[in-house]
Amino acid sequence: MTVVRLSSGKLLLHSPIPITEQLKAELDSIGVVAHILCPNNYHHLYAEQALATYPDARLYGSKKLQKKRKDLPFTETLTDIPHVDWKEDLIPLTINGSLMYETVFFHPTSKTLITSDIVENFKTSPHWLTRNWLKLGGCHGHTTWHRVLRLVYINRWSARKSIKRMFEFPFETVVLAHGDIITDNAKKSLSDGLRWL
């Protein structure tokens, strides 16, 4: 999960994880959670619990996700038009051509690109099965997307157009859901990791 403190002082949760009592205390100490974002078709598993913890927060998801999770009380549809409450803080961009239906976000103040499943960035893993899965997919020690999971890109031409727009953001850091945050040569690392596309 990525937590963004908006210029209003409110908090936005991107790709929620289980909210433990300790995590809730940490979040409450820095602001009020007002927005919960499910950034793609797969990062929604803990949205219900996050919303139960913060029932006054707005819940965002794509139209595709809203069809998939009719049990979740979405209040907003995630598009490339930001909500008025965070339009000064985050610029959304939908990555087309993928079954993930992911929306990435650029945070201009910190020059950070916030993603979920564009790439993975694992140096290694202490878990034997995970380590071999990463090796099989070409992800062990490399910033890229697993060879098997590349099948989710059903229209690579359309995806490349979106990715090209993504690289127009002047980001210097990439936050991702799987692996280490990319801080060194972020654009080059991401570009190299997406070369297969």
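This is a predicted model: local features need pLDDT of at least 70, side-chain atom pairs count only at pLDDT 80 or more; totals for chains, interfaces and linings use all residues.
Leaving aside its neighbours within four places in sequence, with which residues is Ser158 in contact? Residues are numbered from 1 along each chain as its sequence is written, and side-chain values use heavy atoms, with hydrogens and water left out.

Ser158 is in contact with Asn96 and Gly97, once neighbours within four places in sequence are set aside, where contact means heavy atoms within 4.5 Å. Ser158 lies in helix H5, and it counts as buried because its relative accessibility is 17%, buried being under 20% relative accessible area, exposed over 50% and partly exposed in between, with a 1.4 Å probe and protein chains only. Helices (H or I, at least four residues) and strands (E, at least two) are DSSP runs, numbered from the N terminus.

Helix H5 spans residues 156-166, and its buried residues are Ser158, Ala159, Ser162, Ile163 and Met166. Seen down the axis of H5, these buried residues fall within an arc of 135 degrees, so they line one face of the helix; the arc is that of the directions from the helix axis to the C-beta atoms. On the other side of H5, Trp157 and Lys164 are exposed. The buried residues of H5 pack against strand S6 (91-94), strand S7 (103-107), strand S8 (112-114) and helix H6 (186-193).

Elsewhere there is an open sheet of 5 strands, in the order S1-S2-S3-S4-S5 and with mixed pairing, where two strands pair if DSSP finds at least two bridges between them. Its edge strands, S1 (2-5) and S5 (76-77), each pair on one side only. Strand S2 (residues 11-14) pairs with strand S3 (residues 33-37) in the parallel sense over 4 bridges, and Leu13 stands opposite Ile36 in S3. S3 also pairs in the parallel sense with strand S4 (residues 58-61), over 3 bridges, and there the bridge partner of Ile36 is Leu59.

S3, helix H2 (residues 47-53) and S4 make a right-handed β-α-β unit, right-handed meaning that, with the strands pointing away from the viewer, the path from the first strand over the helix to the second runs clockwise. From S4 the chain crosses through helix H3 (residues 63-68) to S5, and this β-α-β crossover is right-handed. S4 and S5 pair in the parallel sense over 2 bridges, with Gly61 opposite Thr77 in S5.
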